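Please look over the sequence and the structure before reading on.

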Amino acid sequence: MQGASDPQRDLLDVESVAGHLLPVGSVFAFLAEHRARLFPPSMFEDLFLSGRGRPSLPPELVAAVLVLQALHGLSDREAVEAVTFDLRWKAAVGLAVTDGGFHPTTLTYWRARLAASKAPDRVFDAVRDVVAATGVLTGKTRRALDSTVLDDAVARQDTVTQLIAAVRRVGRVVPGGQGLVAGVCTGYDYTRAGKPDIAWDDEQAREELVSALVNDALAVLEALAGSLAGSGGVEALEGEAAQAVALLALVAGQDVEPAEGSDGTDGRWRIARRTAPDRVISTVDPDARHAHKTRHKRQDGFKAHVVVEPDTGLITDTELTKACGADSSDAAVGIRLLGLQNPDEGPDEGPDEGPDTSPDTSPGEGAGTSPDISPGEGAGTSPGTSSGEGAGTSPGEGAGEGVSVEVLADSAYGSGSMLAALERAGLSAVIKPQPLTPSIEGGFTIADFVVDEAARTVTCRAGVVREMTRTRTAYFKAACKGCPLRARCTTASAGRTVHVSEHDALQRAHRAKASTPDFQAVYKQHRPMVERSIAWLTRGNRRVPYRGITKNNAWLHTRVAALNLRRLLVLGLHHRDGQWALAQP
């Protein structure tokens, strides 16, 4: 059952005895005075519906601890030690000097209950409601988008380690798996600890080991399919067992290819000479991914995406995703965070043109259409969150009719689908255009071709006109032979092939707009604030504390709530006459 705080203060209550020592405007002082108002017990009643059992800790106490823990980047054990020995924490959560702490697993228990509830981000939502109540975002007509890579909490595993770990996991969690692994696996002893004992500098020895492990993995999968055939097959597995089998199937194929001279049927395998696009890097945390924020900076982990109001620095919404993948691209997540419908659910959108061996493609290929919405409608609320009516975080809310709502972002958000979604929603894109990369250094890009949408034709720099196919592709073929501009256009023996994005006209217009002084002035003035908000987010917290997207996304929302609360206090947050308000400038 849900516990409750004693309305009678203890004689040695820290806030009563030493509350005047808390820094004015600090999160500690604010929680000491307003934690029950910010996190009322009724906000957590759905977590304890039975009304039976031993009372829990008071919910406002736990919520205050979770906020402070996320703000200061502490582990559960460190947070409990702070509650026990740090008078500032005791004052903030409402304890007496002589009160002890609680077991660290209590925080784990509360997070699990919140995660399983219908409103897992209620702490974030509570602070967002305070933001709305102050009116600080009323009339604010800009939102800035950005993302940053957060390091994962596990070590990267090589292919051999992943294969061994995946087989062991199947044996451990699938019913009857231990005996099945022992019966069909002949290439390696999966009960032994440590790395396989081979000559690691011997390429043949490595290939023999990889072949043995892959063949064992395939044998386990085949045996499972046979043993479960009468009960619905492997697809009938649920929970951990289903995840273990899926992971084994994935790691058995993502990093390997047939050995030289093999057709893949003789059981000879080797480590592939390429990296899978969405490669699982650890069986301990299958959600962690390789990240390439820039060409020279590589990390392993997750991506944290934020929407920031640039005048105040408040983060109006956030989401944590895998570090790579179609659903994790900056443009795709940005569309979700702004409350728009993604018109393109296809793969990650790259630069305007790929290598010369593939068709020339401008960003946004295949993007569809999204329903018209008014500026800011639903913005600031990601799927699955409950921000409450009138949360006040939508771009342009209260701005009035005819006021342009601007979305600022770097070139990672400049895809055709993003620009199309913003245009259909009536939002103005102040987004750095994606760079046009020619297939030949110093050569022509898609911008050098003239596209006539009405006639459905593409004209090259030499004046050759070709019709677009149904897939919006123009083939110049024989026209490239003997062309004086060929050296700057293509090296393909079949001639130049140009694919025109569905949003090509929109992107051309956007590139022209981005070159104007007004556009650049707004971008340079208001875009940098999001970088400062990202710095606040990652300071001392570049590494996520948990495994998996779900837990770390919950942590991210709590940390953003803590940062927003601290920022509101800097702006003069106070409670007067039953209302949240900010200090008058």
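The sections below take up a pocket, a surface patch and a loop residue.

## The second largest pocket

The model is predicted. Its second largest pocket has a volume of about 1100 Å³. This pocket is lined by 46 residues, and those closest to its centre are Tyr546, Arg547, Gly548, Thr550 and Lys551. Seven elements are named here as giving two or more residues to the lining: helix 3 (59-72), helix 4 (76-85), helix 6 (105-115), helix 7 (122-134), helix 8 (159-173), helix 11 (239-254) and helix 17 (549-570).

Helix 17 supplies the largest share of the lining, with seven residues. By residue class, the lining of the second largest pocket comprises 20 nonpolar, 14 charged and 12 polar residues.

## A nonpolar surface patch

On the surface, a nonpolar patch is formed by Leu11, Leu12, Val17, Leu87 and Val97. Together these residues have about 470 Å² of accessible area.

One of them, Leu12, is located in the segment before helix 1 (14-18). Leu12 has a relative accessible area of 38% and is therefore partly exposed, a value between the limits of 20% and 50%.

## A loop residue and its partner in space

Gly442 belongs to the loop between strand 8 (427-431) and strand 9 (450-452). Because its relative accessible area is 57%, Gly442 counts as exposed, the cut-off being over 50%.

Gly442 and Cys489 are separated by 47 residues in sequence, and their C-alpha atoms are 9.3 Å apart in space.

Key:
Residues numbered from 1 in each chain as written. Predicted model: local features only at pLDDT ≥ 70, side-chain atom pairs only at ≥ 80, totals over all residues. Heavy atoms only, no water. 1 Å grid on protein atoms, 1.4 Å probe; cavity = no way out; pocket = protein on both sides within 12 Å on 5 of 7 lines; lining within 4 Å. Points joined across faces, edges and corners; volume = space filled by probe spheres on them. Helix = DSSP H or I, 4+ residues; strand = E, 2+ residues; numbered from the N terminus. Nonpolar A, V, L, I, M, F, W, Y, C, P; charged D, E, K, R; others polar. Patch = residues over 30% accessible without salt bridge, like charges linked within 9 Å, V, L, I, M, F, W, Y side chains within 5 Å. Areas by Shrake-Rupley, 256 points an atom, 1.4 Å probe, with all protein chains shown as cover. Salt bridge = Lys/Arg side-chain N within 4 Å of Asp/Glu carboxyl O. Buried < 20%, exposed > 50% of the residue type's maximum accessible area, 1.4 Å probe, protein only.
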